[in-house]
Amino acid sequence: MSAKDHPNNAPGVPMLYPPWFERWQIKYMNPVVKPIARYMPGAATITHRGRKSGKTYQTVVTPYRKGNLLTVALGHGKTDWVKNVLAAGEADVRFSRREVHITNPRILPAGSDGEGLPFLARLQLRRIAVFVADIA
(Lines give C-alpha, C1' and ligand atoms only; values in the text may rest on other atoms or scores of the structure.)
Protein backbone atom coordinates (compact mmCIF):
# COMPACT_ATOMS: atom_id res chain seq x y z
CA MET A 1 0.00 0.00 0.00
CA SER A 2 1.39 3.38 -0.92
CA ALA A 3 1.27 6.41 1.36
CA LYS A 4 -1.28 8.06 -0.90
CA ASP A 5 -3.71 5.11 -0.48
CA HIS A 6 -3.16 4.79 3.29
CA PRO A 7 -6.12 5.58 5.62
CA ASN A 8 -4.00 8.15 7.51
CA ASN A 9 -3.62 10.19 4.33
CA ALA A 10 -6.42 12.77 4.51
CA PRO A 11 -7.04 15.94 2.48
CA GLY A 12 -4.74 18.68 3.82
CA VAL A 13 -3.03 16.13 6.09
CA PRO A 14 -0.63 14.28 3.78
CA MET A 15 1.22 11.24 5.04
CA LEU A 16 4.89 12.09 4.49
CA TYR A 17 6.44 8.83 5.73
CA PRO A 18 6.01 5.56 3.82
CA PRO A 19 3.73 2.90 5.35
CA TRP A 20 6.64 0.47 5.92
CA PHE A 21 8.34 3.07 8.13
CA GLU A 22 5.17 3.55 10.16
CA ARG A 23 4.81 -0.21 10.70
CA TRP A 24 8.49 -0.47 11.70
CA GLN A 25 8.16 2.45 14.11
CA ILE A 26 5.01 1.02 15.75
CA LYS A 27 6.45 -2.48 16.11
CA TYR A 28 10.08 -1.76 17.10
CA MET A 29 10.72 1.90 17.98
CA ASN A 30 7.66 2.77 20.08
CA PRO A 31 8.10 -0.06 22.62
CA VAL A 32 11.70 1.06 23.20
CA VAL A 33 11.04 4.80 23.30
CA LYS A 34 7.77 4.88 25.28
CA PRO A 35 9.25 4.02 28.73
CA ILE A 36 12.05 6.59 28.39
CA ALA A 37 10.24 9.32 26.42
CA ARG A 38 9.75 11.56 29.44
CA TYR A 39 13.52 11.65 29.97
CA MET A 40 14.35 12.39 26.33
CA PRO A 41 14.79 16.03 25.33
CA GLY A 42 12.20 17.07 22.77
CA ALA A 43 9.87 14.12 23.38
CA ALA A 44 6.60 13.92 25.28
CA THR A 45 3.84 11.42 25.87
CA ILE A 46 0.27 12.32 25.03
CA THR A 47 -2.43 10.47 26.99
CA HIS A 48 -5.76 10.17 25.18
CA ARG A 49 -8.92 8.04 25.19
CA GLY A 50 -10.05 5.83 22.33
CA ARG A 51 -13.02 7.12 20.36
CA LYS A 52 -14.88 3.82 20.42
CA SER A 53 -13.31 1.75 23.20
CA GLY A 54 -12.80 4.51 25.77
CA LYS A 55 -9.48 2.83 26.59
CA THR A 56 -6.59 5.08 27.67
CA TYR A 57 -3.64 5.20 25.28
CA GLN A 58 -0.22 6.84 25.45
CA THR A 59 1.60 7.96 22.34
CA VAL A 60 5.09 9.43 22.06
CA VAL A 61 5.15 12.73 20.16
CA THR A 62 7.64 15.50 19.39
CA PRO A 63 5.85 18.68 20.50
CA TYR A 64 6.84 22.30 20.04
CA ARG A 65 5.61 24.87 22.51
CA LYS A 66 5.24 28.63 22.34
CA GLY A 67 3.48 30.30 25.25
CA ASN A 68 0.18 28.51 25.78
CA LEU A 69 0.26 26.82 22.38
CA LEU A 70 1.37 23.25 21.76
CA THR A 71 2.05 21.95 18.24
CA VAL A 72 2.97 18.56 16.77
CA ALA A 73 3.94 17.99 13.13
CA LEU A 74 1.85 15.21 11.57
CA GLY A 75 4.33 13.40 9.34
CA HIS A 76 2.35 10.18 9.69
CA GLY A 77 -0.87 11.88 8.60
CA LYS A 78 -4.13 11.83 10.54
CA THR A 79 -3.32 8.97 12.91
CA ASP A 80 -5.50 7.43 15.60
CA TRP A 81 -4.12 9.60 18.41
CA VAL A 82 -5.01 12.72 16.41
CA LYS A 83 -8.54 11.46 15.71
CA ASN A 84 -8.97 10.51 19.39
CA VAL A 85 -7.87 13.91 20.70
CA LEU A 86 -9.99 15.77 18.13
CA ALA A 87 -13.04 13.69 19.13
CA ALA A 88 -12.47 14.16 22.88
CA GLY A 89 -11.50 17.82 22.60
CA GLU A 90 -8.78 17.39 25.22
CA ALA A 91 -5.80 15.31 26.34
CA ASP A 92 -2.85 15.35 28.73
CA VAL A 93 0.75 15.79 27.60
CA ARG A 94 3.63 14.72 29.84
CA PHE A 95 6.97 16.44 29.39
CA SER A 96 10.09 15.56 31.33
CA ARG A 97 9.16 17.45 34.49
CA ARG A 98 5.53 18.37 34.13
CA GLU A 99 2.18 17.47 32.70
CA VAL A 100 -0.11 19.89 30.88
CA HIS A 101 -3.74 19.60 29.84
CA ILE A 102 -4.53 20.59 26.26
CA THR A 103 -7.86 21.78 24.90
CA ASN A 104 -9.26 23.16 21.65
CA PRO A 105 -7.35 20.75 19.37
CA ARG A 106 -7.28 21.50 15.66
CA ILE A 107 -5.29 20.71 12.53
CA LEU A 108 -3.67 23.29 10.30
CA PRO A 109 -3.43 21.81 6.78
CA ALA A 110 -0.08 21.66 4.99
CA GLY A 111 0.74 24.96 3.34
CA SER A 112 -1.28 27.05 5.83
CA ASP A 113 -0.11 30.28 7.35
CA GLY A 114 1.56 29.42 10.64
CA GLU A 115 1.63 32.87 12.20
CA GLY A 116 2.09 32.62 15.96
CA LEU A 117 3.36 29.04 15.87
CA PRO A 118 6.81 27.96 17.09
CA PHE A 119 9.53 28.33 14.43
CA LEU A 120 10.02 24.58 13.81
CA ALA A 121 6.28 24.03 13.46
CA ARG A 122 6.04 26.90 10.92
CA LEU A 123 8.96 25.42 9.01
CA GLN A 124 7.34 21.98 8.82
CA LEU A 125 3.91 23.42 8.00
CA ARG A 126 5.13 24.06 4.47
CA ARG A 127 4.87 20.31 3.67
CA ILE A 128 3.26 18.70 6.70
CA ALA A 129 -0.02 19.35 8.51
CA VAL A 130 0.38 20.48 12.11
CA PHE A 131 -1.72 19.56 15.15
CA VAL A 132 -2.32 22.62 17.33
CA ALA A 133 -3.88 22.79 20.81
CA ASP A 134 -4.17 25.32 23.62
CA ILE A 135 -2.57 24.59 26.97
CA ALA A 136 -5.20 24.99 29.68
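I looked just after helix α2 and found Gly-89 with a positive phi of about 80°. The model is predicted: local features need pLDDT of at least 70, side-chain atom pairs count only at pLDDT 80 or more, and totals for chains, interfaces and linings use all residues. Residues are numbered from 1 along each chain as its sequence is written, and side-chain values use heavy atoms, without hydrogens and water.

Next I checked helix α2 itself, residues 80–88. Helices are DSSP runs (H or I, at least four residues) and strands are too (E, at least two), numbered from the N terminus. Which residues of α2 are buried? They are Trp-81, Val-82, Asn-84 and Val-85. Buried means under 20% relative accessible area, exposed over 50%, partly exposed in between (1.4 Å probe, protein chains only). Down the axis of α2, the buried residues fall within an arc of 165°, so they line one face of the helix. The arc is taken from the directions from the helix axis to the C-beta atoms.

Then I turned to the aromatic rings. Rings of Phe, Tyr and Trp (its six-membered ring) pair if their centres lie within 6.5 Å; planes under 30 degrees apart are stacked, over 60 edge-to-face, the rest tilted. I noted four aromatic pairs by this rule. Tyr-17 and Phe-21 make a tilted one, 5.4 Å centre to centre with 45° between the planes. Trp-20 and Phe-21 have ring centres 6.0 Å apart and planes at 85°, so that pair is edge-to-face. Ring pairs link Tyr-17, Trp-20, Phe-21 and Trp-24 into a cluster.

Last, I looked up Trp-20 in helix α1 (residues 19–33). Trp-20 is exposed, at 54% relative accessibility.
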